[in-house]
Amino acid sequence: HDGEGHSNALNEAMACGVVPICSRQGFSASVVDDAGEVLPVDAQASAYAEAVAGVLSSGRWSTLSRRAVQR
């Protein structure tokens, strides 16, 4: 359902320092904020792959991981 919130797994993963890359579904964008990447709901798999590669190649992983834990 497009109006539902977000997965509790997102909270749990972020608490462990996993950098979230998710869709703008429900409350995900407000949960992730500046701790990861939020893509459009209709984003293709290639966009997710590009987001992962971008986070890794930019050297932002450790900063985003800390932010995820803090959120």
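Figure 1. Leucine 56 counts as exposed because its relative accessibility is 55%, and the cut-off for exposed is over 50%. The model shown here, and in the views that follow, is a predicted one. You will find leucine 56 in helix H3. Together with Val52 and Trp61, Leu56 makes a nonpolar surface patch of about 290 Å².

**Figure 2. The largest nonpolar core.** Now let us move to the inside. Which residues make up the largest nonpolar core? There are 7 in all: Leu10, Met14, Cys22, Val31, Val32, Ala35 and Ala68. Two elements, helix H1 (8–15) and H2, each give two or more residues to this core.

Figure 3. Valine 31 belongs to helix H2, which spans residues 28–32. Is valine 31 buried or exposed? With a relative accessibility of 17%, valine 31 counts as buried, since the cut-off for buried is under 20%. If we leave aside neighbours within four places in sequence, valine 31 is in contact with His6, Leu10, Asn11, Met14 and Arg71. Proline 20 is a handy landmark for this view: its C-alpha atom is 9.8 Å from that of valine 31, and the two residues are 11 apart along the chain. Turning to valine 32, and again leaving aside neighbours within four places in sequence, its contacts are Leu10, Met14, Pro20, Cys22, Glu37, Val38 and Arg71.

**Figure 4. Arginine 71 and aspartate 33, paired across the chain.** The count of salt bridges in the model comes to 3. In one of them, arginine 71 pairs with aspartate 33, and the closest N and O atoms are 3.6 Å apart. Arginine 71 sits in the segment after helix H4 (61–70), while aspartate 33 sits in the loop between H2 and strand S2 (37–39), so this pair ties together parts that are 38 residues apart in sequence. Both partners count as partly exposed, arginine 71 at 48% relative accessibility and aspartate 33 at 45%. For context, most residues other than glycine have a negative phi.

**Figure 5. Aspartate 34 and arginine 67, a link between a loop and helix H4.** The side chains of aspartate 34 and arginine 67 meet in a salt bridge, at 4.0 Å from N to O. Where do the two partners lie? Aspartate 34 is in the loop between H2 and S2 and arginine 67 is in helix H4, so the pair, 33 residues apart, links distant parts of the chain. Aspartate 34 counts as partly exposed, with a relative accessibility of 37%. Arginine 67 is partly exposed as well, at a relative accessible area of 32%.

**Figure 6. Arginine 60 and glutamate 37, a link to strand S2.** How far apart are the closest N and O atoms of arginine 60 and glutamate 37 in their salt bridge? The distance is 2.7 Å. Arginine 60 lies in the loop between helix H3 (45–58) and H4, and glutamate 37 lies in strand S2, so the pair ties together parts that are 23 residues apart in sequence. Arginine 60 is partly exposed, with a relative accessible area of 33%, and glutamate 37 is partly exposed, with 22%.

**Figure 7. The buried face of helix H4.** Which residues of H4 are buried? They are Leu64, Ser65 and Ala68. Seen down the axis of H4, these buried residues fall within an arc of 105°, so they line one face of the helix. What covers the buried residues of H4 includes H1 and H3. Ala68 is also a member of the largest nonpolar core.

**Figure 8. Serine 65, a buried residue of helix H4.** Serine 65 is found in helix H4. Its relative accessible area is 16%, so serine 65 is buried. Apart from neighbours within four places in sequence, serine 65 is in contact with Gly17 and Val19.

How values were computed:
Residues numbered from 1 in each chain as written. Predicted model: local features only at pLDDT ≥ 70, side-chain atom pairs only at ≥ 80, totals over all residues. Heavy atoms only, no water. Helix = DSSP H or I, 4+ residues; strand = E, 2+ residues; numbered from the N terminus. Buried < 20%, exposed > 50% of the residue type's maximum accessible area, 1.4 Å probe, protein only. Contact = heavy atoms within 4.5 Å. Core = buried A, V, L, I, M, F, W, Y, C linked by side-chain atoms within 4.5 Å. Patch = residues over 30% accessible without salt bridge, like charges linked within 9 Å, V, L, I, M, F, W, Y side chains within 5 Å. Areas by Shrake-Rupley, 256 points an atom, 1.4 Å probe, with all protein chains shown as cover. Arc of directions from axis to C-beta.
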